[in-house]
Protein chains: 2
Amino acid sequence: MQEVIRKILQPNDSKIVLCVLDGLGGLPRDGKTELEAASTPNLDELARRGACGQHLPVAIGITPGSGAAHLGLFGYDPLKYAIGRGVLEALGLGLELTPNDLAIRGNFASVRYEGDTPYVTDRRAGRIPTQENIRIVSRIAEKVKEIDGVKVSITSGMEHRVAVIFTFPEPIPAGGDDIHDTDPQLEGKSPLIPRGNNPRAARVAKVIEKFIDQAAKVIRDEERANYLLLRGFAVHPNLTSYKEAYGLDAACIATYPMYRGVAKLVGMDVLEVEDMTIKSEIETLKRDFDKYDFFYLHVKKTDSYGEDGNFDAKAKVIEEFDSLVPEITALKPDVIIVTGDHSTPAAMKAHSWHPVPILISSKYARGGGSEGFGEHDCSRGELGTFRAADLMTLILAHSGRLQKYGA
Amino acid sequence: MQEVIRKILQPNDSKIVLCVLDGLGGLPRDGKTELEAASTPNLDELARRGACGQHLPVAIGITPGSGAAHLGLFGYDPLKYAIGRGVLEALGLGLELTPNDLAIRGNFASVRYEGDTPYVTDRRAGRIPTQENIRIVSRIAEKVKEIDGVKVSITSGMEHRVAVIFTFPEPIPAGGDDIHDTDPQLEGKSPLIPRGNNPRAARVAKVIEKFIDQAAKVIRDEERANYLLLRGFAVHPNLTSYKEAYGLDAACIATYPMYRGVAKLVGMDVLEVEDMTIKSEIETLKRDFDKYDFFYLHVKKTDSYGEDGNFDAKAKVIEEFDSLVPEITALKPDVIIVTGDHSTPAAMKAHSWHPVPILISSKYARGGGSEGFGEHDCSRGELGTFRAADLMTLILAHSGRLQKYGA
């Protein structure tokens with residue numbers, strides 16, 4: 001659809017605010033979901049006057065990961081585009097990526113050697129403390145900086161986890177990241193040699209193999225974390241930017257690195273937020289409201305409490321957001337969208353496939369179809385049930401940025 | 001989907017009436033859309049007993065042109081098929097087209113010459129009166145009848161507009177109409193030479209170039225309209241006919257040339273209507289009811305008043321149609337469909353992307369889901385929200401013309 005959109009785009013000076021309450025969709029307790037149980041007079045009012053519906057993050061019945069869900073919301077069909085695990089991990093650590101980078105999720109493991117052959121004795125190196133991880137990573141970083149002209153950068157994650165980025169002198173060709181994991185999955189086995197599944201990946205795999213060997217030499221004397229297993233090899237997805245795809249100068253207001261990173265992948269400017277609160281995010285929106293056409297505002301805690309199975313705390317975050325809605329409407333954006341990237345029902349303590357409620361507030365909404373903002377109301381809304389990847393088309397339409405299609 | 005349909009088609013003697021109220025969908029004034037504000041007891045009754053839903057003319061968020069919207073309604077996906085601007089213009093003037101024809105929108109312009117080089121001084125030739133247009137067109141028609149074996153026909157439109165049709169001795173190959181407009185867009189510039197974007201189009205472009213030169217010589221002495229600018233080069237879309245695609249003998253009852261033309265493109269017989277009233281259209285339906293399986297009945301004024309921003313007049317046309325519904329039901333067709341080709345909310349004075357309400361009256365409808373015929377009721381209807389291109393499948397199903405699919 002982005003191809004169609006590009007042909008009929010017309011610029012204007014409308015303002016759009018897309019509010020994503022992570023994992024918003026829920027399941028009922030005593031007949032009401034988290035969103036329905038929350039007291040949300042401001043969102044209810046927007047829903048009554050706006051257009052409601054529900055979106056499917058990826059496709060019917062499919063539970064999305066966070067990367068896939070956000071690609072969908074941003075209009076990149078997650079069945080066609082992917083953010084690889086390595087890239088998502090790197091973004092989550094706040095790292096910057098370019099199309100020259102190969103990003104990898106890695107973790108320390110324990111091995112014993114027979115001669116020079118390693119055998120895995122603990123795939124997670126006893127989940128060493130993060131502090132120990134940081135110390136060992138700095139040992140590697142000091143010694144292994146470059147391999148065959150490819151820059152190497154290794155960053156500590158939590159416990160035994162790391163992210164490794166290889167920066168090539170030129171963009172990595174398509175398929176260059178199609179490389180087998182090195183984790184043998186079973187203890188007692190030797191780590192696998194990184195093998196490319198095609199000639200372009202074979203060249204890249206060779207560099208990785210050398211890195212693993214060099215790193216292993218540096219940390220061979222470590223008691224537990226004496227080896228690196230690598231997986232989730234992934235390149236920058238090289239997505240068309242928001243500016244090119246939709247003609248929008250877009251900005252991201254999010255507090256968690258991963259969401260800031262995904263927004264950067266589609267060319268959004270990532271704005272400074274003073275602290276982790278929703279209140280500060282709204283302050284940022286107010287501060288920079290004149291500077292952009294489109295704002296993606298991300299609220300994380302709805303998902304976190306959903307994952308914890310904490311129904312009441314999730315509802316409370318929704319109420320906190322609702323209390324700040326008047327500050328958004330006071331800015332008089334032309335279009336306000338409130339939705340989630342996926343559902344995270346407290347009852348499931350996990351992401352789920354359930355459709356996600358959505359409201360679009362705009363002067364072009366038919367409205368009058370809902371009594372409030374909730375899953376049950378939205379399932380009968382004027383927008384019907386649609387795939388998240390179609391949302392951007394709908395947003396551009398409601399902002400007057402699309403001309404007629406066809407004669 | 002037409003491929004699937006063809007395999008499971010079964011003929012029967014059912015009768016289908018598809019009523020298209022152009023631009024039917026609207027936006028609310030005081031909570032009610034044009035359709036909801038209109039008093040429509042007969043349509044409400046059909047909606048209560050029938051199956052309701054809403055269709056997306058092209059795709060979610062996309063505002064269609066009239067050609068694209070009708071292609072969708074007729075079951076030809078507008079994202080795959082297109083009626084070019086030149087063809088639509090020609091159809092609007094009541095011209096007939098075959099796959100051998102290249103149709104073009106043109107307009108008279110004023111140019112001044114330096115030597116033999118023309119420079120545009122007025123891109124619309126001062127919007128000359130239609131009468132003057134007719135006089136000048138006849139001058140060209142008298143002198144330029146054929147170029148390199150290609151028949152030329154030029155027809156006056158309103159003011160400075162014309163349609164030009166080139167009839168080649170054989171069908172124009174795919175891509176043969178991919179030719180740049182000759183309008184330089186800016187006054188003071190020379191008209192562009194028609195250039196083909198591929199070898200097949202290059203051959204066609206050569207003929208057009210000669211035509212422009214010859215026409216320019218004929219009208220060089222005109223005071224204002226002394227040059228022709230051409231654009232919207234388009235060939236007959238060569239669509240599978242209704243008979244072949246759906247096994248239907250289909251007829252069109254419409255008063256405006258463009259809609260009669262689009263119906264002809266899909267192989268419908270175009271029936272005579274005594275005057276421009278809906279009443280006369282219904283008389284035609286009654287007169288020829290025995291002769292066809294399928295009737296496409298088009299009401300134009302709903303769209304015209306929508307474009308004018310005249311909410312009340314649009315509602316009144318809907319009421320006028322409603323008052324004639326008993327004459328349709330008295331014929332006892334097996335399936336009656338009432339819908340629009342797209343929305344034209346009076347509030348927007350333009351086509352829009354909003355879903356279009358639809359009702360299907362048939363003994364196979366579940367029914368009982370709506371209180372009346374309107375956007376809000378239809379958004380919760382049993383048919384859900386679906387793309388217009390799927391409507392013909394639904395119609396054939398409700399008329400008992402589709403067998404089981406698969407074992």
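Predicted model: local features only at pLDDT ≥ 70, side-chain atom pairs only at ≥ 80, totals over all residues.

Two packed helices are described by the angle between their axes and the distance between the axes. For helix H3 (residues 41–49) and helix H12 (residues 311–329) of chain A, the axes come within 7 Å and cross at roughly 60°, and H3(A) and H12(A) are therefore oblique to each other.

## Domains of chain A

Chain A is divided into two parts, of which domain 1 takes in 2–83 together with 239–398, while domain 2 covers 94–235. Between the C-alpha centres of domain 1 and domain 2 of chain A there is a distance of 36 Å.

## The nonpolar core

The largest nonpolar core has 256 residues, and those with the most contacts inside it are A:Ile253, A:Phe295 and A:Tyr296, along with B:Ile253, B:Phe295 and B:Tyr296. When residues up to four places away in sequence are not counted, A:Phe295 touches A:Val17, A:Leu18, A:Ala251, A:Ile253 and A:Leu285.

## Where the chains touch

Which residues are in contact between chain A and chain B, and how many are there on each side? On the side of chain A there are 22 residues, and these are in contact with 30 residues of chain B. Helix H14 (residues 391–398) of chain A gives the most to the side of chain A that touches chain B, with four residues. The residues of that side of chain A divide into 10 nonpolar, seven polar and five charged.

## Positive phi in two loops

Most residues other than glycine have a negative phi. A:Arg127, although it is not a glycine, has a positive phi of about 45°, and A:Arg127 lies in the loop between strand E4 (117–122) and helix H6 (130–143) of chain A. Because 15 other C-beta atoms lie within 10 Å, A:Arg127 is partly exposed.

In chain B, the phi of B:Ala125 is near 50°, again a positive value in a residue other than glycine, and B:Ala125 is found in the loop between strand E4 (117–122) and helix H6 (130–143) of chain B. Is B:Ala125 buried or exposed? A residue is buried if 20 or more other C-beta atoms lie within 10 Å of its own, and B:Ala125, with 26 C-beta neighbours inside 10 Å, therefore counts as buried.

How values were computed
Residues numbered from 1 in each chain as written. Chains lettered and ligands numbered in written order. Core = buried A, V, L, I, M, F, W, Y, C linked by C-beta atoms within 7 Å. Buried ≥ 20, exposed ≤ 12 C-beta atoms within 10 Å, placed from the backbone. Contact = placed C-beta atoms within 7 Å. Domains from an automatic or database assignment. Axes fitted to C-alpha atoms, helices over the stretch in contact; angles between N-to-C directions. Parallel < 35°, antiparallel > 145°, perpendicular 65-115°, else oblique. Nonpolar A, V, L, I, M, F, W, Y, C, P; charged D, E, K, R; others polar.
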